[in-house]
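Some notes on this model follow, as numbered points. Please read them with the sequence and the structure open.

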Amino acid sequence: MNIFISHSSEDFTIAKRMCGLLEENGYHCFLAPRDIRSGHEYAEEIMNGIESSELMLLLLSEKANNSPHVLREVERAVSKGISIIVYKLEDVKLSKSMEYFLMSPPTWIRAALSWRGF
């Protein structure tokens, strides 16, 4: 299974750890900027990553909630019919735009431990 990890750039350390855990367990992850090929258009690479994934893992933090880039990734996943798992890194009141795209119930996972507890 291919998993697109959507995250704020400020949450990259957490995203990288989550990616490592998933890949150690046999999943393939698309993680920007790690998987952006040199010399290729960034936006096109993001679109290719989303389109080649069966699942999006949204690492939801306040920064991700307010990121226009994360919002575009979520919108693209929704429009392509890709399932989204929301992993809350912290308590966040969804922005109206994010709420709009996530209003059909995705699978929500609340972090029982801090991200350091992975």
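1. D91 and K88 meet through their side chains in a salt bridge, at 3.8 Å from N to O. The model is a predicted one. D91 counts as exposed because its relative accessibility is 61%, a value over the 50% cut-off. K88, with a relative accessible area of 13%, is buried.

2. The structure holds seven salt bridges. One of them is formed by K80 and E51, whose closest N and O atoms are 3.3 Å apart. This pair links distant parts of the chain: K80 is in the loop between α4 and β4, E51 is in helix α2, and 29 residues separate them. K80 is partly exposed, at 42% relative accessibility, and E51 is also partly exposed, with a relative accessible area of 44%.

3. The side chains of R37 and E45 form a salt bridge as well, at 2.7 Å from N to O. Is each partner buried or exposed? R37 is partly exposed, at 44% relative accessibility. E45 has 4% relative accessibility and so counts as buried, the cut-off for buried being under 20%.

4. Strand β3 is mostly covered, with six of its six residues buried. L55, L57 and L59 point one way from the strand, M56, L58 and L60 point the other way, and all are buried.

5. β3 pairs with two strands. With β1 (residues 2–6) the pairing is parallel, over four bridges, and the bridge partner of I5 in β3 is L57. With β4 the pairing is also parallel, over six bridges; here L58 stands opposite V86.

6. The largest nonpolar core has 20 residues, of which I46, M56, L58, V74, I84, M98 and L102 touch the most other members. At least two residues of this core come from each of α2 (42–51), β3 (55–60), α4 (68–79), β4 (83–88) and α5 (96–102). Another core, of 14 residues, lies apart from it and includes A15, M18, L22 and I85.

7. Which residues does L58 touch, leaving aside those up to four places away in sequence? They are S6, V70, V74, I84, I85, V86, Y87, M98 and L102. Among these, V74, I84, M98 and L102 are also named with L58 as touching the most other members of the largest core. V86 is the residue opposite L58 in β4, and I85 belongs to the other core.

Technical notes:
Residues are numbered from 1 along each chain as its sequence is written. This is a predicted model: local features need pLDDT of at least 70, side-chain atom pairs count only at pLDDT 80 or more; totals for chains, interfaces and linings use all residues. Side-chain values use heavy atoms; hydrogens and water are left out. A nonpolar core is a set of buried Ala, Val, Leu, Ile, Met, Phe, Trp, Tyr and Cys residues joined through side-chain atoms within 4.5 Å. Buried means under 20% relative accessible area, exposed over 50%, partly exposed in between (1.4 Å probe, protein chains only). Contact means heavy atoms within 4.5 Å. Two strands pair if DSSP finds at least two bridges between them. A salt bridge is a side-chain nitrogen of Lys or Arg within 4 Å of a carboxyl oxygen of Asp or Glu.
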